[in-house]
Amino acid sequence: MKYIAGIILTFILWCCQDVKRPEIPVNLIPEDKMTEVLTEVYLINAARSFDNRTILEQKIKLDSFFFRKFDIDSLQFVKSNAYYTSNLNAYNKLFTKVEERMILLKKETDSSLLDYVEKLEAKRICDSIDEANMDTILVPQKDRPILDIKNNLDLKKKDSITSVPKLINPKTKE
């Protein structure tokens, strides 16, 4: 019985060794465009996970928007993605570029948000100077959430995307 099980296991493992990789599609999406496409895919998935109810209520078709934006169809995307995933080195390079783009987008968004918060703060200060003649007990504190955003926004803080833990070498006992 053990002999038969061993033969069957060997046969199964032998059959699984011939993995066919997809051929290069005729309409392969170039690496640069695929980087943009994958970045947009991750942003769309983030939008869905953040506020899917609003997307569904507004009947926004993110997938059709995405395909129109890059002038590709779903089959072309699937075949190109399958081709890139079959070559691990190329896919790692692709994802390194996607990660760099995401970090750049985050920095741009954070700086834009900081500029917006600073403008609102300057406007609030000007408005408070204009209202200085009023009784301070009666004046409500305006824009308190904006101040909280500004205080919590730290552009120098490392993000979880950019921080990479160091591996400890067991020989050096660090």
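A search of the whole structure, which is a predicted model, finds six aromatic pairs, where rings of Phe, Tyr and Trp (its six-membered ring) pair if their centres lie within 6.5 Å. One of these is formed by F66 and F70, whose rings lie 5.7 Å centre to centre with 65 degrees between the planes, an edge-to-face arrangement (planes under 30 degrees apart count as stacked, over 60 as edge-to-face and the rest as tilted). F66 and F70 are four residues apart in helix α3 (residues 62–70) and are therefore separated by about one helical turn. Both residues are buried, that is, under 20% relative accessible area with a 1.4 Å probe and protein chains only, and F66, F67, F70 and F77 form one aromatic cluster. Among the buried residues of α4 are F77 and Y84.

Helix α2 (residues 31–57) packs with α3 at an angle of about 160 degrees, the axes being 10 Å apart, where angles run from 0 to 180 degrees between N-to-C directions and axes are lines fitted to C-alpha atoms over the stretch in contact. The angle makes α2 roughly antiparallel to α3, a term applied to angles over 145 degrees. The contact (heavy atoms within 4.5 Å) involves K33, E36, V37, E40, V41, I44, R48 and I55 of α2 and L62, D63, F65, F66, K69 and F70 of α3.

Residues are numbered from 1 along each chain as its sequence is written, and helices are DSSP runs (H or I, at least four residues) numbered from the N terminus. Local features need pLDDT of at least 70, side-chain atom pairs count only at pLDDT 80 or more, and totals for chains, interfaces and linings use all residues, while side-chain values use heavy atoms, with hydrogens and water left out.

How values were computed:
Buried means under 20% relative accessible area, exposed over 50%, partly exposed in between (1.4 Å probe, protein chains only). Helices (H or I, at least four residues) and strands (E, at least two) are DSSP runs, numbered from the N terminus. Angles under 35 degrees count as roughly parallel, over 145 as roughly antiparallel, 65 to 115 as roughly perpendicular and the rest as oblique.
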